[in-house]
Amino acid sequence: MLAVGLTLVAVGLLLLARAPVDGTYAVDLLPVMLLMGVGSGMMMPAVIGLAMSGADPRDAGLASGLVNTTQQVGGAIGLAVLATLAAAHSERLIASGEAEVVALNTGYHLSFLVSAALLLIGAAITLTALRTPKAAPDADAAGTPPADPSSVELPDSSDLHR
């Protein structure tokens with residue numbers, strides 16, 4: 001679901017990168033926003049699930065807070081970088097005599113293309129690096145069966161604070 005969601009959002013951004021200066025909402029924006037909404041809806045639960053999968057149940061609140069903070073800070077930094085890229089490109093075009101509205105649109109197109117490329121790279125990494133865990137074997141290479149979890153003795157919590 002994660003790779004599909006990333007790809008749908010990337011396709012939406014690629015479609016936004018072709019939006020004309022005189023585009024209309026119903027034709028040039030609404031379908032793209034719906035596509036990106038579906039992609040985000042598929043992607044975000046998968047990201048949260050992946051981020052929380054390794055968290056110990058007693059640390060779930062902390063892990064959730066870190067995930068949400070990372071999303072907020074990452075989004076702010078990403079937006080700042082992309083807005084700077086779009087503004088710099090637009091300024092260069094305006095300085096070369098391009099009409100301001102065309103230059104701004106072209107600057108936004110550049111940031112949409114960069115965003116789409118990053119999302120597609122993320123989808124490729126997802127498909128190659130994230131694998132479904134294999135089932136635990138019944139015995140290790142030496143033929144020793146796995147330990148019964150109920151037979152493992154855990155340290156007393158008072159021993160941990162000494």
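Predicted model: local features only at pLDDT ≥ 70, side-chain atom pairs only at ≥ 80, totals over all residues.
Helices in this account are DSSP runs of H or I with at least four residues, numbered from the N terminus. By that definition, serine 111 is found in helix α4.

The protein chain contains four helices and zero strands, and its elements follow the pattern α-α-α-α along the sequence. Of the 162 residues in the chain, 19% are buried. The accessible surface comes to about 11,100 Å², and carbon and sulfur atoms account for 68% of that area. Among contacts between residues at least 6 apart in sequence, 62% join residues at least 24 apart.

The buried residues of α1 are Leu2, Ala3, Gly5, Leu6, Val9, Ala10, Gly12, Leu13 and Leu16. These residues pack against two helices, α2 (25–52) and α4 (100–129).

Helix α2 has 28 residues and reaches 38 Å from its first C-alpha to its last, close to the 40 Å expected at 1.5 Å a residue. Asp28, Val32, Met36, Gly39 and Met43 are the buried residues of α2. The cover over them includes α1.

Helix α3 comprises residues 60–95. With 36 residues, α3 extends 52 Å between its first and last C-alpha atoms, close to the expected 52 Å. Ala63, Val67, Ala86, Ser90 and Leu93 are buried in α3, and what covers the buried residues of this helix includes α2 and α4. Just after α3, glycine 97 takes a positive phi of about 105 degrees.

Two packed helices are described by the angle between their axes and the distance between the axes. For α3 and α4, the angle is about 145 degrees and the axes are 8 Å apart. The crossing of these two helices is right-handed. On the α3 side, the contact is made by Leu82, Leu85, Ala86, His89, Ser90, Leu93 and Ile94. On the α4 side, the residues involved are Glu100, Ala103, Leu104, Thr106, Gly107, Tyr108, Leu110, Ser111, Val114 and Ser115. The residues of this contact divide into 10 nonpolar, six polar and one charged.

Alanine 86 lies in helix α3. Its relative accessibility is 5%, and alanine 86 therefore counts as buried, since the term applies under 20% relative accessible area. Leaving aside neighbours within four places in sequence, alanine 86 is in contact with Gly107, Tyr108 and Ser111. The C-alpha atoms of alanine 86 and leucine 104 are separated by 7.5 Å, although these residues are 18 residues apart along the chain.

Serine 111, from α4, may now be seen from its own side. Serine 111 is buried because its relative accessible area is 7%, which falls under the 20% cut-off. Not counting residues up to four places away in sequence, serine 111 touches Leu82 and Ala86. Both of these partners belong to the α3 side of the contact with α4.

Note on methods
Residues numbered from 1 in each chain as written. Heavy atoms only, no water. Buried < 20%, exposed > 50% of the residue type's maximum accessible area, 1.4 Å probe, protein only. Contact = heavy atoms within 4.5 Å. Axes fitted to C-alpha atoms, helices over the stretch in contact; angles between N-to-C directions. Left-handed = near helix turned anticlockwise from the far one by under 90°. Nonpolar A, V, L, I, M, F, W, Y, C, P; charged D, E, K, R; others polar. Expected span 1.5 Å × (residues − 1). Areas by Shrake-Rupley, 256 points an atom, 1.4 Å probe, with all protein chains shown as cover.
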